[in-house]
Amino acid sequence: MISTPEQQAVDAAITSRRSIRAYLPQAVAREDVTAILRVAGRAPSGTNTQPWKVYVLEGERKRELSSAILAIHNDPEQAGQHTEEYAYYPRQWVSPFIERRRKVGWDLYALLGLTRDNKAGMAAQHGRNYEFFGAPVGLIFTIDRVMEQGSWLDYGMFLQSVMVAARARGLDTCPQAAFTQYHRVIRSALDLPANEMVVCGMALGYADTTKIENSLITERMPVEEFVKFVA
Ligand SMILES: Cc1cc2nc3c(=O)[nH]c(=O)nc-3n(C[C@H](O)[C@H](O)[C@H](O)COP(=O)(O)O)c2cc1C
C-alpha cells in the first residue's frame with residue numbers, strides 16, 4: 001500500500017508518541033506551547049462544549065508545586081490523607097487489564113534495575129511524577145465539575161491532540177494521572193476555583209534519550225484482537 005507524505009507525517013506523530021519519563025533541561029519556547037495547545041483546541045467535543053482548561057507551569061511556580069506535593073508525598077502519614085476525586089482506574093481489576101498493567105510496571109522497573117523487593121526504589125520512581133520527570137513544562141488539566149462522562153471523552157481527544165501536536169514539533173510528553181491524588185495541593189497552589197476539578201497532569205519537554213527509562217517500548221495487542229469487521 002502506498003502512503004502519502006501526509007499519511008506518513010500523521011502516522012509518525014501518533015506512533016512516535018511514547019510516555020517519556022526523563023527530560024533535558026532545554027527550555028520549551030512559549031510560542032511552541034501555545035501553538036500545541038491552539039492546535040489541540042481543534043479537538044472535537046459534543047456540541048462544541050470544549051470542556052478543557054490548561055494551567056501551564058514553568059520555572060519557580062512549577063518548582064513550588066512539585067515541592068509542595070513531594071513534602072506530603074514523602075510522608076506516608078500525610079500522603080494517606082490525600083485521595084483522588086474521581087476513579088481513573090477500575091475499583092476491581094480483572095483480566096486482561098490487570099496483566100497489562102502489571103507488565104508495563106515491571107518492564108519499567110526492570111529497565112531501571114529495580115527488583116520487586118525494592119519498594120523504596122519504586123516509590124522514588126513514582127515520586128518523579130511530581131517533578132514532571134524533570135520536564136521544563138508541567139501542564140495541569142481541569143474540567144468544570146458540572147460536565148458529565150461525555151465531556152471526559154472529549155477531554156481524552158484533547159489530551160491526545162496535545163501529545164500528537166507536541167510530537168510534530170519534536171517534543172515529548174507523559175500524561176500523568178498521578179497528580180489527581182494531590183488535587184487539594186494543586187487547588188491551593190494554582191488557586192483553582194471550586195467548580196474546577198483536576199483531570200490529570202502532563203510533562204512536556206525534550207526527551208533525554210540517554211536515560212534508560214526512555215527506552216521502554218510498550219506493547220499493543222494486534223489489531224485483529226480488538227477489531228471485528230461486521231459485513
Ligand atoms: C490519562 C493517562 C494517565 C497516565 N498517568 C501516568 C502517570 O501518572 N505516570 C506515568 O508514569 N505514566 C502515566 N501514564 C502513561 C501510561 O502508563 C502509558 O501511556 C502506557 O503505559 C502506554 O505507554 P506509552 O504511552 O509509552 O505508549 C498515563 C497515561 C494516560 C493516558
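The model is predicted. The ligand has 15 residues around it, and those that come nearest are Arg17, Ser19, Arg21, Ala177 and Arg220. Alanine 203 belongs to strand 4, which spans residues 196–205.

**Polar atoms at the ligand**

- In serine 19, an N or O atom of the side chain is 2.6 Å from an oxygen atom of the ligand.
- Arginine 21 has a polar side-chain atom 2.7 Å from an oxygen atom of the ligand.
- With alanine 177 the backbone is involved: one of its N or O atoms lies 2.8 Å from a nitrogen atom of the ligand.
- The ligand taken alone exposes 620 Å², and the protein buries 76% of that area.

**Make-up of the shell around the ligand**

- Sorted by class, the shell contains 7 nonpolar, 4 polar and 4 charged residues.
- Strand 3, residues 172–176, supplies the largest share of this shell, with 3 residues.

**Alanine 203**

- Alanine 203 counts as buried because its relative accessibility is 0%, and buried means under 20%.
- Apart from neighbours within four places in sequence, alanine 203 is in contact with Tyr23, Phe132, Ala135, Val137, Asp172, Thr173, Cys174 and Gln176.
- Among these contacts, Asp172, Thr173, Cys174 and Gln176 fall in the range of strand 3, residues 172–176.
- From alanine 203 to tyrosine 155 the separation is 48 residues in sequence and 17 Å in space, taken from C-alpha to C-alpha.

Conventions. Residues are numbered from 1 along each chain as its sequence is written. This is a predicted model: local features need pLDDT of at least 70, side-chain atom pairs count only at pLDDT 80 or more; totals for chains, interfaces and linings use all residues. Side-chain values use heavy atoms; hydrogens and water are left out. A residue is near a molecule or strand if one of its heavy atoms lies within 4 Å of it. A polar contact is a pair of N or O atoms within 3.5 Å; within protein, one must be able to donate a hydrogen and the other to accept it, and residues adjacent in sequence count only if both atoms are side-chain atoms. Accessible areas come from the Shrake-Rupley method with a 1.4 Å probe; for residues, only the protein chains shown count as cover. Helices (H or I, at least four residues) and strands (E, at least two) are DSSP runs, numbered from the N terminus. Ala, Val, Leu, Ile, Met, Phe, Trp, Tyr, Cys and Pro count as nonpolar, Asp, Glu, Lys and Arg as charged, and the others, Gly among them, as polar. Buried means under 20% relative accessible area, exposed over 50%, partly exposed in between (1.4 Å probe, protein chains only). Contact means heavy atoms within 4.5 Å.
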